[in-house]
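This report goes through a helix, the nonpolar cores and the salt bridges of one protein model. The model is predicted.

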Amino acid sequence: MQLRQLEYLVALARERHFVRAAAACYVSQPSLSAAIRRLEHELNVPIVRRGRRYEGLTPEGEVVLAWAHRILAERDSLRQELSALRDGLTGTLRLGVVPTALPTTSLLTGPFCERHPGARVSIESLSSADITHGLAEFELDAAMTYLEDDSLRRLPLYEERYMLLTPAHGPLGTARSASWSQAAVLPLCLLNPRMRNRRIIDECFAADGATAVPAIESDTVAGLYAHLPGGRWSSVISHAWLHMFGVPEGMRVVPLEGPAHGPRVGLVTGPDEPPSVLAGALLAVAREAGVREALDALLRTYLDGDDH
């Protein structure tokens, strides 16, 4: 068995097409097909369902694919560890991030790059489900996501705290706090219902006997914030977004009554044990970064009125 055969199998499972998989591996389609047939012969199991076109993997093939991901990940980790001993940490850290945590990534990636100047970071905005898949398939080294899956190695970073961001001259602009039912009747911009954050805050509205019907919905935090200047719209935000976007001119942050903290956001790594050299280096940075403390201090600054 050769590592190249495993690379071909991973490419075929990803591309679901022999010609595209061969192109991704820079070989001819007959060479890729022959290599996978040799792998089937060496393991004495059928790996690929063959018809007039690619039809997927057999149950045995799915087992081989899982091992292929693991073996190739171990190879990459070996290379990274030897390179780190020789030249310091190099390579590209593949970091998946749920969209609502993107505003806080620099609290980790900045210190990581300062500590390891030879390494690079590739950030991809992904749903929680895609992150779970990417970690399991060794397509990601680590991820910032909601801590909901106990099967993942995790390091809590902060708990979301929900605030009303509203025009200073609006109905709740001078309030010291507001209820979710009061916020529900304002002209609102919110994330769309496909986003985990939106489903969480909808539960908070419902717990106060209210339903929010936003006039504007967005699938990004940046798209939401783009509508806030001008004094027309309000929004419910996570305090973590203040790190990147702050408070638009003419608006105020008003605490919402209810749970003091929302769900936890944390750094997770995949099933490899120990984690890859790059993932381990990011975990070490995250343990010292003080993300929760930094975000809470920033929120206090805005609530105290020092920086509107």
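## Helix H3

Just after H3, Asn 44 has a positive phi of about 60°. The helix itself covers residues 29–43, and its 15 residues reach 21 Å from the first C-alpha to the last, close to the 21 Å expected at 1.5 Å a residue.

Buried residues in H3 are Leu 32, Ser 33, Ala 35, Ile 36, Leu 39 and Glu 40. Seen down the helix axis, the buried residues of H3 fall within an arc of 160°, so they line one face. Pro 30 and His 41, on the other side of H3, are exposed.

## Nonpolar cores

The largest nonpolar core has 72 residues, of which Phe 112, Phe 205, Tyr 225 and Leu 267 touch the most other members. Helix H11 (residues 277–289) gives the most to this core, with six residues. Apart from it lies another core of 22 residues, including Leu 9, Val 10, Phe 18 and Ile 47.

Leaving aside residues up to four places away in sequence, Tyr 225 touches Leu 165, Ile 237, Trp 241, Leu 242, Phe 245, Gly 246 and Pro 248.

## Salt bridges

There are ten salt bridges in the structure. Arg 4 pairs with Glu 7 in one of them, with the closest N and O atoms 3.1 Å apart. Both residues lie in helix H1 (residues 3–15), three residues apart, about one turn of the helix. Arg 4, Glu 7 and Arg 75 are linked in a network of salt bridges.

Asp 141 and Arg 94 also meet in a salt bridge (3.1 Å, N to O). This pair links distant parts of the chain, 47 residues apart: Asp 141 is in the loop between helix H6 (128–136) and strand S5 (142–146), and Arg 94 is in strand S3 (residues 91–97). Asp 141 counts as buried at 7% relative accessibility, whereas Arg 94, at 32%, counts as partly exposed.

Key: Residues are numbered from 1 along each chain as its sequence is written. This is a predicted model: local features need pLDDT of at least 70, side-chain atom pairs count only at pLDDT 80 or more; totals for chains, interfaces and linings use all residues. Side-chain values use heavy atoms; hydrogens and water are left out. Helices (H or I, at least four residues) and strands (E, at least two) are DSSP runs, numbered from the N terminus. The expected span of a helix is 1.5 Å times one less than its number of residues. Buried means under 20% relative accessible area, exposed over 50%, partly exposed in between (1.4 Å probe, protein chains only). The arc is that of the directions from the helix axis to the C-beta atoms. A nonpolar core is a set of buried Ala, Val, Leu, Ile, Met, Phe, Trp, Tyr and Cys residues joined through side-chain atoms within 4.5 Å. Contact means heavy atoms within 4.5 Å. A salt bridge is a side-chain nitrogen of Lys or Arg within 4 Å of a carboxyl oxygen of Asp or Glu.
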